[in-house]
Amino acid sequence: MDRALRRKITNSIFVGLCGAATLIALGALVFILWSLVVNGIGGLDLNIFTMTQPAPGSVGGLANAITGSIFMCAIGMVLAIVVGILAGTWLAEYGGQTPYGHAVRFLNDVLLSAPSILVGLFVYEILVRPFHGFSGYAGAVALALLAAPIVTRTTEDMLTLQPNTLREAGMALGAGRGFVIRSVIWKAAGAGLLTGALLGFARISGETAPLLFTSLGNQFFSANLTQPMASLPTTIFQFALSAYDDWRRLAWVGALLIAVAVLAVNTIGRMLARETHRP
Amino acid sequence: MTATTMDIETASQPARGQGAAGEMIFRTLCFSAATLLMAALAGVVVSLAIGGWPAFRQFGIGFLFSSEWNPVTEVYGAAGPIVGTIVTSILALVIALPLALGVSVFLVEFCPRRISRPIAIAVELLAGIPSIVYGMWGLFVLAPWFALHIQMPLLMDLDPNGLLGQLFAGIPNGANIFTASMILAIMILPYMSAVFRELLLTIPSQVREAAYGLGSTSFEVVAQVMLPYVRRGTVGVIMLGLGRALGETMAVTFIIGNSHGFPHSLFDSGSTIASTIANEFAEATSDMHTSALVALGLVLFLLTFAVLATARALLASDKH
């Protein structure tokens with residue numbers, strides 16, 4: 001009987017520990033979000049969106065950083081969606097089972113998990129160094145390189161989910177393969193393709209490391225993509241590590257904005273993905 | 001008669017003007033996009049190798065083993081950041097692995113199905129929080145708390161010359177190797193627990209039921225039946241977490257303290273490869289400085305690549 005009791009106690013401890021681990025994980029999430037809201041919500045007003053970066057001690061906002069982020073993310077996403085959807089389509093519909101296809105898939109996964117700062121270094125070497133200057137375009141390309149593998153992978157997964165009968169039905173009507181893919185398969189997988197784009201966007205909108213030496217940052221308002229461009233993450237980085245209290249407050253506001261945006265986009269993307277998985 | 005011929009001609013053109021040429025163009029576009037992605041990865045490797053070549057040529061193999069990093073005298077040795085990267089990543093794993101195991105076992109085995117999904121989603125939300133937010137939280141929330149409630153008491157109570165005293169020595173400002181590892185652990189936890197949960201769900205229910213049927217307790221089922229069943233996958237999960245932790249940049253840059261050279265204790269400041277690049281690259285003082293940083297990048301790439309390729313192989317072999 002003693003042994004049975006010991007087993008029972010061990011078991012209870014184990015269950016308790018597993019529960020505790022879950023509580024720790026949830027606690028960390030709540031704690032982080034709570035600190036963001038507490039520190040960020042106070043500084044959130046209209047000035048944040050209408051005024052540019054202040055000198056320490058004066059009133060200002062994050063308008064230049066927000067615009068820069070939107071510009072670079074938008075261009076990056078357009079590039080990533082075009083390349084990602086086409087590449088994903090090739091993997092799912094054309095050459096995915098060939099040795100070349102396997103190689104593409106593997107290297108795409110490597111690119112997906114490569115440290116983002118290395119992608120920044122690469123773009124620095126090909127777009128910043130040769131043209132002697134940091135630019136918004138370089139930042140956008142770096143972001144595109146980070147989002148494209150995600151779009152590719154999601155596209156491939158979502159297209160593979162579409163039943164073969166759809167393809168056969170289209171081709172039996174005499175449509176070419178490419179036409180069937182574009183007007184039947186892409187439409188059927190529409191929500192799934194959108195998911196890929198959203199997940200890619202969620203990843204790049206908070207990225208800081210690759211922007212540090214591609215778009216660099218800019219303390220003035222600029223819509224010129226050939227010049228250094230501000231972005232929300234690099235501005236947060238600069239402000240958070242500064243010695244000025246008002247800059248740090250702005251950094252918290254920026255962090256709150258980014259976190260809310262990323263989490264919202266992420267959640268929508270996941271919800272859409274579940275819709276597609278359940279046909 | 002002419003009308004009929006035209007009809008036939010239009011019909012034989014598959015789908016309104018999409019002739020064989022259109023097919024070819026679309027297919028080629030798709031193929032080029034796939035090739036472009038491969039070229040991008042190859043470009044990353046080649047550009048890192050070319051950019052880092054001057055540093056490798058100048059310092060040879062000593063680049064990896066010397067810990068002297070001095071932009072003034074132009075002597076660069078990467079051992080400090082390399083050791084820092086490996087130490088923080090492994091510490092992060094040591095913290096995150098038991099948590100990830102606990103979370104996924106709890107969600108799969110003990111949790112009522114109705115709340116298991118929301119909890120899983122909440123834990124995965126941790127993965128969505130941008131790295132820079134973790135960094136700020138670490139610097140402004142975790143570090144001060146850690147300095148006040150952990151470092152100061154330990155500093156007061158421990159003999160500074162004793163073994164423990166040396167292990168926990170350091171400036172009590174909360175920015176050190178250990179807090180960086182704590183942040184990393186929170187960051188890799190959602191990835192590890194998500195993959196591990198999927199692994200546990202692949203175990204056939206007969207296997208678990210058979211063990212329960214023999215009278216095992218839940219603990220025994222998990223420890224003696226389920227974990228051995230996904231043994232190789234577990235190693236894959238560990239490598240996956242490690243790969244994530246190795247390349248993490250911003251969060252670590254905020255909180256590790258950014259000093260070169262070897263860390264002397266758990267609570268000493270240090271640097272990782274990624275944090276060194278993030279801090280110094282835009283302000284590199286000379287060509288050799290830049291080159292040394294790019295060479296560091298290549299080392300980081302090779303480390304993560306090796307780890308992630310292993311993770312992939314192990315996970316793939318366990319899913320069948």
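In this predicted model, 74 residues of chain A are in contact with 66 residues of chain B, two residues being in contact if their C-beta atoms, placed from the backbone, lie within 7 Å. On the chain A side, α1 (2-40) gives the most, with 20 residues; helices here are DSSP runs of H or I of at least four residues and strands are runs of E of at least two, numbered from the N terminus. Among the other elements of chain A that give two or more residues are α3 (63-94), α6 (136-161) and α11 (245-277). By class, this side has 52 nonpolar, 17 polar and five charged residues, where Ala, Val, Leu, Ile, Met, Phe, Trp, Tyr, Cys and Pro count as nonpolar, Asp, Glu, Lys and Arg as charged, and the others, Gly among them, as polar.

Turning to chain B, there are 14 helices and two strands. The radius of gyration of chain B, taken over C-alpha atoms, is 26 Å, well over the 20 Å that the globule rule (2.2 Å times the number of residues to the power 0.38) gives for 320 residues, so chain B is more spread out than a compact globule. Its C-alpha atoms fill a box of roughly 105 × 70 × 35 Å along the principal axes.

An automatic or database assignment divides chain B into domain 1 (2-58) and domain 2 (62-319), with C-alpha centres 39 Å apart. Their contact takes nine residues from domain 1 of chain B and ten from domain 2 of chain B.

Residues are numbered from 1 along each chain as its sequence is written, and chains are lettered from A in the order in which they are written. Local features need pLDDT of at least 70, and side-chain atom pairs count only at pLDDT 80 or more, while totals for chains, interfaces and linings use all residues.
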